[in-house]
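Here's a quick briefing to read alongside the sequence and the model. Take a look at the fold first, then come back for the notes.

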Amino acid sequence: MVIKKSADIASSEITPKSVYLNRRHFIAGATAVGAAAALGVAFKELGSPFLTTQANAKIDGLQKSPFSTTEKQTPYKDVTNYNNFYEFSTDKYEPAGLAKDFKTRPWTVTIDGLVKKKQQLDIDAVMKMAAPEERIYRHRCVEGWSIVVPWVGFSLSELIKRADPLPKAKFVEFTTLYDPKQMPGQRVPVLKWPYVEGLRMDEAMHPLALLCFGMYGEVLPNQDGAPLRIVVPWKYGFKSAKSIVRIRFTDSQPMNTWQESAPNEYGFYSNVNPKVDHPRWSQGTERRLGEFTKRPTLMFNGYDQVASLYSGMDLKKNF
């Protein structure tokens with residue numbers, strides 16, 4: 001498979017937000033009542049913003065996070081028009097249009113594997129587990145482009161603690177929805193579907209690992225991983241699994257999709273490392289969407305807080 005390098009995005013090529021954000025409106029009142037009853041959650045606890053499940057709906061009550069970078073944010077129009085989402089298309093400009101009618105309600109997430117509390121959660125119950133935070137993170141893609149996005153969510157560790165993993169659980173595996181009727185990219189065997197990713201338990205428990213359901217103060221757009229994704233900012237973007245339907249705890253290292261597809265190019269860890277080049281291009285520099293000048297790539301994407309997780313490891317071998 002040939003992976004195209006990123007191209008600079010001219011402002012004239014950006015589709016106006018009013019055009020591409022013509023989404024189906026989902027009325028979640030009755031759904032929320034049923035989900036609340038099934039989960040033992042009072043209806044009044046599922047208040048704003050979570051009763052409003054329409055894509056791009058505002059999320060109220062956001063807390064500012066101390067983990068945020070102060071760097072200039074990438075424009076919303078760039079982040080929502082240039083996407084790596086192979087479930088819809090390998091072309092980065094097509095997911096925004098192809099995902100516009102993607103149904104994110106009803107949606108459940110299965111929590112299973114080596115945990116004491118196996119469960120199936122409604123997406124709105126997941127979103128209500130902790131107060132939402134806005135975290136402005138750098139996000140680096142393996143092809144050499146990067147973005148700075150104000151993601152909305154809370155630490156993945158909040159969900160993990162509620163699942164109560166068994167002591168022998170050493171890894172967390174994430175699986176994306178498999179639905180070729182809605183996701184046309186899955187009709188082509190460019191990858192083995194469904195898409196699977198994984199983290200070591202201590203990586204998943206690190207406070208920087210984000211369980212994400214929004215960005216720019218709004219519910220996630222479909223093309224950016226709605227309704228639920230993870231964001232692991234010190235790793236290359238493909239580690240941040242989108243449209244998650246299953247979170248499984250295991251004692252063995254999961255075989256993530258890209259590692260299975262091209263093990264000489266994509267490893268399990270996939271930490272941003274300017275000293276480890278992709279076989280077909282350098283990882284020493286990157287280009288922000290909307291900018292022309294390249295900048296040096298930072299080790300761990302600049303998140304030095306995670307360096308202790310890999311103490312003593314050969315990060316060239318464990319790429």
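Among contacts in the protein chain between residues at least 6 apart in sequence, what percentage join residues at least 24 apart? In this predicted model, that share comes to 73%.

**The chain overall**
- The protein chain has eight helices and 13 strands.
- Of its 319 residues, 58% count as buried.

**The five-stranded sheet**
- Reading across this open sheet, the order goes S3-S2-S11-S6-S7, and the pairing is mixed.
- S3 (119–122) and S7 (196–200) sit at the edges with a single partner strand each, so one side of each has no neighbour in the sheet.
- On average, neighbouring strands here are turned by 20° against each other, direction ignored.
- S6 (residues 171–176) pairs with S7 in the antiparallel sense through five bridges, and Phe174 has Glu197 in S7 as its bridge partner.
- Helix H6 (residues 156–163) lies across S2 (108–113), S3, S6, S7 and S11 (244–250), and runs at about 60° to S11.

**Around strand S12**
- S12 (residues 285–288) pairs in the parallel sense with S5 (residues 145–155) over two bridges; Trp145 has Arg287 in S12 as its bridge partner.
- S12 also runs antiparallel to S13 (residues 295–296), again joined by two bridges, with Thr285 standing opposite Pro296 in S13.
- S12 and S13 make a hairpin with six residues between them, and Gly290 in the turn has a positive phi of about 90°.

Notes: Residues are numbered from 1 along each chain as its sequence is written. This is a predicted model: local features need pLDDT of at least 70, side-chain atom pairs count only at pLDDT 80 or more; totals for chains, interfaces and linings use all residues. Side-chain values use heavy atoms; hydrogens and water are left out. Two strands pair if DSSP finds at least two bridges between them. Helices (H or I, at least four residues) and strands (E, at least two) are DSSP runs, numbered from the N terminus. Buried means under 20% relative accessible area, exposed over 50%, partly exposed in between (1.4 Å probe, protein chains only). Contact means heavy atoms within 4.5 Å. Axes are lines fitted to C-alpha atoms, for helices over the stretch in contact, and angles run from 0 to 180 degrees between N-to-C directions.
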